[in-house]
There are 2 protein chains.
Amino acid sequence: MPPLAIPSIIGILPGGDRMGVHTMARVTLQTIADKVGVSRMTVSNAFSRPDQLSATLRATILAAADELGYAGPDPAARALARGSTGAVGIVLTDSAVTAFTDEVASRFFGAIAGELAPTGLALTLVPAVELEGRVPARDVAMDAALVYHCDPDSPALSWLQKRGLPTVLVDQFPVDGIASVNVADRDGARAAAQHLVDLGHRHVGIVTFTVHEPHGITQSTPLGTEGYGARERMIGWLDALNAAGVSTTAFRTRDSVDGGDAALVALLRADPLITAVLCFSDVMAANVLFAAQDRGIAVPEQLSVVGFDDTPFASRVRPALTTVRQDVPEKGRLAAAAVIALLERGSTDEVLPAERTVLPTELVIRDSTAGPRTTPAELIIAPGMGTGGR
Amino acid sequence: MPPLAIPSIIGILPGGDRMGVHTMARVTLQTIADKVGVSRMTVSNAFSRPDQLSATLRATILAAADELGYAGPDPAARALARGSTGAVGIVLTDSAVTAFTDEVASRFFGAIAGELAPTGLALTLVPAVELEGRVPARDVAMDAALVYHCDPDSPALSWLQKRGLPTVLVDQFPVDGIASVNVADRDGARAAAQHLVDLGHRHVGIVTFTVHEPHGITQSTPLGTEGYGARERMIGWLDALNAAGVSTTAFRTRDSVDGGDAALVALLRADPLITAVLCFSDVMAANVLFAAQDRGIAVPEQLSVVGFDDTPFASRVRPALTTVRQDVPEKGRLAAAAVIALLERGSTDEVLPAERTVLPTELVIRDSTAGPRTTPAELIIAPGMGTGGR
DNA sequence: GACGCCTACTGTAGCGGTACAGTGATGAAG
DNA sequence: CTTCATCACTGTACCGCTACAGTAGGCGTC
């Protein structure tokens, strides 16, 4: 897609009255102190500890400050002197892009933001990647870190450790001594797979997510180098499927948004008898669903599709998705609460064991799954069929 | 507005000799300098300006630092000394929740994050609201601010001004002397409304968004206290509709996610002859669409529905939404670029005029609009019909 | 009227860095 | 053999604020 947007500079305005920033010396506590005729400390107290001076003097000081255009104590200086910055870092895989792109991640962070808001803590997005010698996890000021879904052996994590920052891991392999919040991915996946088994499916496809190679169809190596969630879910699925002797074919992709059709075709080519597909996420499931419909495969009559997460649109899609619910906002709230707890604990010098929280998952059966029917989907997939473009 | 600052709930984090006798003293540049037998300044250079010392000495110093468990120069101290924090603030209405909840906002921030990543700048989410005397816009350390979609007269904005922070306004009323990035909301809305006019619609409903009162149906007061985007779009719609003498009924809501049914019912009750609805966003449009379908109103046969934004799901919905496209990622990129430019400009002491950028919008005609048919939708809305719960 | 105990303010000593102007040694140019 | 630039490192002076330990005065107490 070529960027169709040509920026049009509508108007160029005079730079505004900058009040001669260069000439005027910066206003600090001392400036105000001199003007009012009190000590700098008293001015500091006027802003930060109102109970330490008389109301009248405080009013005088604030008035003087206002007159001088003082914007309040400098955050950086305050951070250094106080030893805390008032910000919690969220450490993310890749850049911060995923935090906003992925719907599940979005809801998670939204919940964190909501939980953190009343504490007045700011939220800083910290990419886990290093870049030209810049290591955000080492260089960004924060009081605590929330690590979401990155490599457990990422250098970012060890930097945080080195800095001695209170840390909470979310959707990651738990590490000794670090608090963590997880969901019962494995149990949920197992329940989803068992559901298909109970419906009578004997040939099941799996569409899962991994950033690393290998991608595509894998029949022999069930576990690859996927992240925690993908791994746990895979284990759960295979638990149930293998126990029931179901034939399983997995398709790994890096592309969770598109590629539903590619996954579907690859799976049905690899095993034409597949009658059901388990997906890593609802997004993937929806795309498989759309691909199937575009190809004239009836869901769930000819193909059952199962998602994961139970995002809001899982129930809007037609047929509504059978999926595994996880309470994403609750996960966010708990993670935020854990961070806050760590911060408070730090001030009281308590040393408590790191907590590990695991949230339950729940199978939600809707309309995208049914027992296998006689018409195998494979008959539908043939050269010359639509390519599923939409 | 008295700048009260209540001491943080976090309490005082251990730092320096406040850590207690039993604890190991904190490792600083001096610690390393003493160990290696060089000056503190040389150690600083080893980390921050490698070209200032010999490679061998640098290696020695880094080794010693590593051995002592030094995590690199303290970001807070560095920020104070250098005068820059390496973080860009994003100032948001409400808490940071909306940043993640709203799909358009998400994509916008995602693009910003992507654009900012290569610069190594961190992204800090700054709520615009004040809270128990905490004023994030005043108290959070940042080098520049990106203000998204908040009240133009929010105190947050004036704090930023007072601090003299480089600022970029996005989707807001432009302010003299401050850079801004906007999209041609008005033009896009006008095009959308004109499209309906051209199709022959004579009774059009509008579903728009505002956080403030009044909500519900308004026929007389076309412009309320909505934000910039909502206002511009309303103006654009009315431009075309009024010019064509079309009967217009508006429904204002705070709830863009649900409430599609409420909006639809209210509009059709207010004017049963309505054959088309213009919506503030695709989310709203989709919900109106769903509500209509649930009530057995055929779209577009009996009711045309138009969205705004052209979010990805606008084309996934059936019928695919006619909508107004804005290039949200491009908006994000431009906003980020503007911030970066301001930051660079600041270092070179140039004083350039504040730029105003306006991105184009484009009407995208899909399947949710058609000419009005004979069967008025009103016949369908009757007591006893389903309530549209989904 | 010495004593203690508030309240209201001040002085000092950092917090952990960085900028910048030295300083002495080295080697090349004149 | 100077002269002078360069390299590699050092010393000092901050950055702007806060913690904490004073200090001075007012006032009730016995």
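Modeller: This is a predicted model. Helix α11 (residues 260–270) of chain B lies across β6 (203–209), β7, β8 (247–253) and β9 of chain B, and the helix runs at about 150° to β8(B).

Biologist: What makes β7 and β10 of chain B edge strands?

Modeller: The open sheet has five strands in the order β7-β8-β6-β9-β10 (chain B), with mixed pairing. Strands β7 (216–218) and β10 (304–306) of chain B each pair on one side only, and are therefore called edge strands. On average, neighbouring strands of this sheet are turned by 20° against each other, direction ignored.

Biologist: How do you know that β9 and β10(B) pair?

Modeller: Pairing requires at least two bridges between the strands. Strand β9 (residues 276–279) of chain B and β10(B) have three bridges, so they count as paired, in the parallel sense. Ala276(B) has Ser304(B), in β10(B), as its bridge partner.

Biologist: Why are the buried residues of α11(A) said to line one face of the helix?

Modeller: The buried residues in helix α11 (residues 260–270) of chain A are Gly260(A), Asp261(A), Ala263(A), Leu264(A), Leu267(A) and Leu268(A). Viewed down the axis of α11(A), they fall within an arc of 160°, so they line one face. Their cover includes β7 (203–209), β9 (247–253), β10 (276–279) and α12 (282–294) of chain A.

Biologist: Which residues are the closest to DNA strand C?

Modeller: Of the 28 residues surrounding DNA strand C, the closest are Ser39(A), Thr42(A), Leu53(A), Ser44(B) and Ala81(B). The residues of this surface divide into 13 nonpolar, nine polar and six charged.

Key
Residues numbered from 1 in each chain as written. Chains lettered and ligands numbered in written order. Predicted model: local features only at pLDDT ≥ 70, side-chain atom pairs only at ≥ 80, totals over all residues. Near = placed C-beta within 6 Å. Nonpolar A, V, L, I, M, F, W, Y, C, P; charged D, E, K, R; others polar. Helix = DSSP H or I, 4+ residues; strand = E, 2+ residues; numbered from the N terminus. Axes fitted to C-alpha atoms, helices over the stretch in contact; angles between N-to-C directions. Contact = placed C-beta atoms within 7 Å. Buried ≥ 20, exposed ≤ 12 C-beta atoms within 10 Å, placed from the backbone. Arc of directions from axis to C-beta.
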